[in-house]
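Biologist: I am new to this model and would like to go through it by question and answer. Please show it first.

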Amino acid sequence: QAPGVAIAGGLGSFEPRKPLIDNITFFEDKGVEYFIKDPEVYRNKRVVISGGGDSALDWSIFLSKVGSEVTLIHRRNEFRGALDSVEKVQELKNKGKIKLITPAEVINVVGHDKVEAVVVSQAEHIQKEFEIECDHFIPLFGLSPKLGPIANWGLNLNKKHIPVNTENFETNQKGIFAIGDICMYPGKLKLILSGFHEGALAARGCFK
């Protein structure tokens, strides 16, 4: 309850990018994880990691010392991560500590009450599909910002941004102001300094 509300939501809250697998949500917290909070969860477990960036490479390296079997799957032969991490993964692959499957992607998750296997589609000379038995599937595709409930507040959003006037940074809804990265206006600069300026004028508008 307030006569004035200021939205300083950045670009929204960051959520994991999820693979386009129909049944992926059913297996969330049943063997599908998008973040690794406690590596001990994977002690002596069969783990499939999907992704081509630093997170996928670094966790594959780390879990090769923890899990009973670690498989890294990436849809390209080239990785986006740091070169030394790529070389380390190749070294562990040569030693049989990591299974590396490229170019390929996970297209389905198999199981009853929890993850039991993933279905992999591999494109080499011909397309082929096969299952890999596992206890955990960890897609590490980075993060994307989501506005969350702000999107349902009746604001005239423009590509996840909120247009405002530059007099007091009020939105199209009277009494609701927006400042920081989430607001947009002609000549907008996404700087912390600009955010302070926007905040000061919005506070003045709220006070009035």
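Biologist: Is K159 buried or exposed?

Modeller: This is a predicted model, where local features need pLDDT of at least 70, side-chain atom pairs count only at pLDDT 80 or more, and totals for chains, interfaces and linings use all residues. Residues are numbered from 1 along each chain as its sequence is written, and side-chain values use heavy atoms, without hydrogens and water. Buried means under 20% relative accessible area, exposed over 50%, and partly exposed in between (1.4 Å probe, protein chains only). The relative accessible area of K159 is 74%, so K159 is exposed.

Biologist: What is the phi of K159?

Modeller: K159 belongs to the loop between β10 (143–146) and β11 (162–163); helices (H or I, at least four residues) and strands (E, at least two) are DSSP runs, numbered from the N terminus. Most residues other than glycine have a negative phi. K159 is not a glycine, yet its phi is positive, at about 55 degrees.

Biologist: Which loop holds N44, and is N44 buried or exposed?

Modeller: N44 also has a positive phi, near 60 degrees, and is a residue other than glycine. N44 is placed in the loop between β2 (13–16) and β3. Its relative accessibility is 57%, so N44 counts as exposed.

Biologist: How far apart in space are G31 and S144?

Modeller: G31 is in the loop between β2 and β3. With 4% relative accessibility, G31 counts as buried. Along the sequence, 113 residues separate G31 from S144. From C-alpha to C-alpha, the distance between G31 and S144 is 22 Å.

Biologist: What is the C-alpha separation of I101 and S121?

Modeller: I101 lies in strand β5 and is buried, with a relative accessible area of 13%. S121 is 20 residues away from I101 along the chain. Their C-alpha atoms are separated by 10.0 Å.

Biologist: Which residue is the bridge partner of S121 in β8?

Modeller: Two strands pair if DSSP finds at least two bridges between them. Strand β7 (residues 117–123) is joined to β8 by seven bridges, and the two run antiparallel. In β8, the partner of S121 is E129.

Biologist: Which residues are joined by a cis peptide bond?

Modeller: Most peptide bonds are trans. The cis bond here has an omega of about -20 degrees, and one of its residues, P103, is in the loop between β5 and β6. The residues joined are T102 and P103.
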